[in-house]
Amino acid sequence: MPITAKICGLSTPETLDAAIKGGASHVGFVFFPPSPRHLSRERAAQLAARVPDHVARVGVFVDPDNAQIESAIDAGRLDALQLHKTSPVRVAEIKARTGLELWAAVAVKTRTDLDAARTYTAAADRILYDAKTPESAALPGGMGVRFDWALLDGFRHPMPWALSGGLDPDNVAEAIRRTRATLVDVSSGVESAPGIKDETKIAAFLKAVATL
Ligand SMILES: O=C(O)c1ccccc1NCC(=O)[C@H](O)[C@H](O)COP(=O)(O)O
């Protein structure tokens with residue numbers, strides 16, 4: 001099975017183009033004001049217009065309300081929604097309301113954290129296993145934190161899934177070999193500073209994925 005990749009938190013035409021040129025299957029647009037990657041609706045619309053049909057636009061949210069979601073879907077021409085810190089009931093509501101592909105982020109630090117994945121079976125289309133960020137952290141994702149991939153050993157995934165958290169061009173091949181992920185997601189591992197994507201790192205990450 002080919003390995004695919006989502007480059008998350010893109011905010012400029014140049015870095016978006018680098019992700020598309022490098023073969024990303026998904027591009028992520030963050031809609032969360034505290035994030036250095038947050039996009040205004042205007043910026044999202046400009047970027048969305050550059051994305052070809054074969055690349056999926058994923059909107060990233062933290063327990064959003066309906067108005068936030070609807071304006072972002074329109075502006076970003078979103079194909080999928082990635083929801084952090086959002087309950088299974090709320091994910092199901094959003095799915096019913098939008099009809100879009102829904103990804104539920106599950107924050108992982110211990111094996112017990114994986115149990116949350118099963119609570120989304122009736123609501124989400126995909127689980128994104130992401131590293132749990134510290135309680136004091138400003139963001140629930142995009143912090144370059146990695147979890148112990150061995151936690152996924154022998155775990156029966158309840159639905160399609162993706163691996164995230166602390167991936168970068170140097171460790172993504174090992175992560176894929178270790179976990180057998182078929183979709184990987186990266187943000188800060190392809191940045192030169194928080195929120196500043198680096199075209200060279202994006203290309204290196206996608207090359208590392210493509211060579212597997
Ligand atoms: O990236 C953000 O700023 C962000 C803000 C709020 C919720 C989620 C966020 N990012 C989620 C992602 O999809 C990241 O790609 C994922 O957490 C991995 O990030 P990183 O460890 O930096 O590669």
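Which elements do the buried residues of helix 5 pack against? Point 2 takes this up.

1. Basis. The model is predicted; local features need pLDDT of at least 70, side-chain atom pairs count only at pLDDT 80 or more, and totals for chains, interfaces and linings use all residues. Residues are numbered from 1 along each chain as its sequence is written. Helices (H or I, at least four residues) and strands (E, at least two) are DSSP runs numbered from the N terminus.

2. Helix 5. The buried residues of this helix pack against strand 7 (161-163), strand 8 and helix 6, where contact is C-beta atoms, placed from the backbone, within 7 Å. In helix 5 (residues 172-179), Val172, Ala175 and Ile176 are buried. They cover an arc of only 95° around the axis, and therefore sit on the same side of helix 5; the arc is taken from the directions from the helix axis to the C-beta atoms. An α-helix has 3.6 residues a turn, so residues three or four places apart point the same way. Glu174 and Arg177 are exposed, on the face of helix 5 turned away from its buried side. Buried here is 20 or more other C-beta atoms within 10 Å of a residue's own, exposed is 12 or fewer, and partly exposed lies in between. Arg180, which follows helix 5, has a positive phi near 65°.

3. Ile202. This residue lies in helix 6 (residues 199-210). Ile202 is buried because 28 other C-beta atoms lie within 10 Å. Leaving out residues up to four places away in sequence, Ile202 touches Ile7, Thr15, Ala18, Ala19, Gly22, Val190 and Lys197.

4. Core. A nonpolar core is a set of buried Ala, Val, Leu, Ile, Met, Phe, Trp, Tyr and Cys residues joined through C-beta atoms within 7 Å. The largest one has 64 residues, of which Ile7, Leu83, Leu102, Ala104, Ile127, Val184 and Phe205 touch the most other members. Strand 5 (residues 101-108) gives the largest share of this core, six residues. Beyond four places in sequence, Ile127 touches Ala104, Val106, Ala117, Tyr120, Met159 and Trp161.

5. Ligand shell. Of the 28 residues around the ligand, Cys8, Ser35, Gly141, Gly142 and Ser188 come nearest; a residue counts as near if its C-beta atom, placed from the backbone, lies within 6 Å. Strand 2 (26-30), strand 3 (56-62), strand 4 (80-84) and strand 8 (183-186) each give two or more residues to this shell.

Note on methods
Contact = placed C-beta atoms within 7 Å.
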